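Subject: Structure handover

Hello,

Here is the structure for your files. My notes follow below it.

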Amino acid sequence: MGLDRRDLLVGAIEGGGTKYVCAVGTGPGKGLLARASFPTGDDPAKLLAQVATWLKEQEAIHGTLAAIGFASFGPIDLDSKSPTYGYVTSTPKPGWQNTDVLGPLRAAFGPIPIGFDTDTNGAALGERCWGAAQGLDDFVYITIGTGIGAGGMARGNLLHGLVHPEVGHLYLPNLPGDDFEGACPYHGRCWEGLCSGPAISKRTGMAAEALPPDHPAWDFETRYVALAIANLVFTLSPRRVIVGGSVRKGGKLGEAAFFASVRKHLLVALNRYVVSPVFEGDGIDGYVVPPALGDDAGVCGAIALGQIAAQFE
Ligand code: ZN
């Protein structure tokens, strides 16, 4: 995948499980010319029609779009030779199973290039182009929110494979004293089942944002996140780990304390086995970091997906 972009005007869609964030622009900051947000809901046809209408309206204001970039929650079919390419496949989300999310955009925009990837690969690409992964060809971007997922790059290529990685469903060891049964409808106590926003709510009866800073659930949360990151360090050897999503803001605990706890527990989990300067002294502070683009990583990544697609038209 080439990463040389032109400053092309792109329609961007960050298709999340809770909301769809749409934008028209060329990049972050002043490059974001317009944006809108729509609840994801349970009627994809209606939502995608709204999105297409909004993009057409913005095109009339800001000029012809060179491409569309679409970063979607998954699982999605990314095999361009598959009859269900561009579909959301086996999601537990009501109304969204086996849904063609690319088709309505193709119908509305005709032959315009469309870059399509997972929401996490989208956010990873945004950080690679403009954020905390600039200059890095091997890194991981994790999101911890409504669900948990990860994207990233190996040797400068976005992580793909048989389908796409489903890092959020890693199985983790049971921490002593934790009898929580988990919240994933597929795996119970997988990472997402232990640490997503809904998992925290199920575990504590409170939203993550409302959880007091000294609540023991924060210790479970950051220790499980650290164990999962250790597994990613062991398998992918990323040069940096970016952690986004709403839960990483740590609610009343705060983002700085959340990251400090994850870093501390990560070093314990690695137990000095993986040798690198990033695991010495303060190196860890620059190794596990929040997204430099903040909550715009995903939508900016969708812009980059579109710009790259336009180069292959
Ligand atoms: Zn799971």
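Strand 8 (139-144) and strand 9 (148-154) run antiparallel, joined by six bridges. Strands here are DSSP runs of E with at least two residues, helices are runs of H or I with at least four, and both are numbered from the N terminus. Two strands count as paired if DSSP finds at least two bridges between them. A hairpin of three residues links strand 8 to strand 9. Tyrosine 141 sits opposite glycine 151 in strand 9.

A word on the source: this is a predicted model, where local features need pLDDT of at least 70, side-chain atom pairs count only at pLDDT 80 or more, and totals for chains, interfaces and linings use all residues. Residues are numbered from 1 along each chain as its sequence is written, and side-chain values use heavy atoms, with hydrogens and water left out.

Valine 140 has valine 241 of strand 11 as its bridge partner. Strand 11 (residues 241-244) pairs in turn with strand 12, again parallel, over two bridges. Valine 241 is bridged to valine 288. Isoleucine 242 is bridged to valine 289.

How well covered are these strands? Five of the six residues of strand 8 are buried. Buried means under 20% relative accessible area, exposed means over 50%, and partly exposed is in between (1.4 Å probe, protein chains only). In strand 11 both faces are covered. Val241 and Val243 are buried on one side, Ile242 and Gly244 on the other. In a regular strand, side chains alternate between the two faces of the sheet.

Contact means heavy atoms within 4.5 Å.

Helix 3 contributes residues including Gly122, Leu125 and Trp130 to the contact. Among those from helix 8 are Ala297, Ile303 and Ile308.

The zinc site

Which residues coordinate the zinc ion? The donors are His169 (ND1), Cys184 (SG), His187 (ND1) and Cys190 (SG), at 2.1 to 2.4 Å. Donors are N, O and S atoms within 2.8 Å of the metal (3.2 Å for Na, K and Ca); water is not among the atoms, so sites may look incomplete. The zinc site is tetrahedral, with angles of 99 to 124° among its four donor atoms. Four donors count as tetrahedral if all angles lie between 85 and 135 degrees. Along the chain the donor spacing is H-x14-C-x2-H-x2-C.

Histidine 169 and histidine 187 both lie in the loop between strand 10 (157-158) and helix 4 (191-195), so the pair ties together parts 18 residues apart in sequence. Histidine 169 is buried, at 19% relative accessible area. Histidine 187 is partly exposed, at 30%.

Two single residues

Threonine 40 is in the loop between strand 3 (32-39) and helix 1 (44-62). Threonine 40 is buried, at 1% relative accessibility. Beyond four places in sequence, its contacts include Gly16, Lys19, Phe73 and Trp96.

Aspartate 7 lies in the segment before strand 1 (10-15). Aspartate 7 is exposed, at 70% relative accessible area. Beyond four places in sequence, aspartate 7 is in contact with Thr26 and Gln307. The C-alpha atoms of aspartate 7 and alanine 304 are 9.6 Å apart, although 297 residues separate them along the chain.

Best regards

How values were computed:
Four donors count as tetrahedral if all angles lie between 85 and 135 degrees; four count as square planar and six as octahedral if opposite donors are over 155 degrees apart and all others between 65 and 115; anything else is irregular.
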